[in-house]
Amino acid sequence: MKRLKAKIAVTLLISVQLLALVIWLVVPKFGSGPPGGAYAYRAEPRMSALSEWHSHPSPETKAAWEDELHLLERYKLARILLKATVVVALNTTIIYLFWNHGCKQVDRPD
């Protein structure tokens, strides 16, 4: 009975992980970020820096705008690395579980 519960748990885990990967591939905004790249991260400071730079062009306002763009790029990179780590972890777990799922130890008579 204990082995049956363990086998059901492993099968359920594999199914959930496969479903997560299918969702990752099928739903574009889930896998590739917001549509059109409209990130909400620091949107107000970024837009205010942009409008300030356009209304009063100066090296300081341009530097503030470029700093906001730099922060946005760092945020995007962190999200990409996090997503890649999750996908690798899911794939590694799925491969391991598929590799070992259903393997039985057979008692061999000597």
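## Starting at the surface

Surface patches are made of residues with over 30% relative accessible area and no salt bridge; like charges are joined within 9 Å, and nonpolar side chains (Val, Leu, Ile, Met, Phe, Trp, Tyr) within 5 Å. Met1, Leu4 and Ile8 make a nonpolar patch of about 360 Å² here. The areas come from the Shrake-Rupley method with a 1.4 Å probe, and for residues only the protein chains shown count as cover. Met1 sits in the segment before helix H1 (2–26). Is Met1 buried or exposed? Met1 is exposed, with a relative accessible area of 74%; buried means under 20%, exposed over 50%, and partly exposed in between (1.4 Å probe, protein chains only).

This is a predicted model, in which local features need pLDDT of at least 70 and side-chain atom pairs count only at pLDDT 80 or more, while totals for chains, interfaces and linings use all residues. Residues are numbered from 1 along each chain as its sequence is written, and side-chain values use heavy atoms, with hydrogens and water left out.

## The overall picture

The protein has 4 helices and 0 strands, giving the pattern α-α-α-α along the sequence. Helices (H or I, at least four residues) and strands (E, at least two) are DSSP runs, numbered from the N terminus. Of the 110 residues in the protein, 15% are buried. The accessible surface comes to about 9000 Å², and 67% of that belongs to carbon and sulfur atoms.

## Following helix H4

Helix H4 (residues 59–100) has 42 residues. From its first C-alpha to its last, H4 reaches 61 Å, close to the 62 Å expected at 1.5 Å a residue; the expected span is 1.5 Å times one less than the number of residues. Buried residues in H4 include Trp65, Glu68, Leu72 and Val87.

## Two salt bridges

A salt bridge is a side-chain nitrogen of Lys or Arg within 4 Å of a carboxyl oxygen of Asp or Glu. How many salt bridges does this rule give? The count comes to 2. In one of them, Glu68 pairs with Arg42, and the closest N and O atoms are 2.5 Å apart. This pair links distant parts of the chain, 26 residues apart: Glu68 is in helix H4, and Arg42 is in the loop between helix H2 (28–32) and helix H3 (43–55). Glu68 counts as buried because its relative accessibility is 9%, whereas Arg42, at 33%, counts as partly exposed.

Glu73 also forms a salt bridge, with Lys76, and here the closest N and O atoms are 3.8 Å apart. Both residues lie in helix H4, 3 residues apart, about one turn of the helix.
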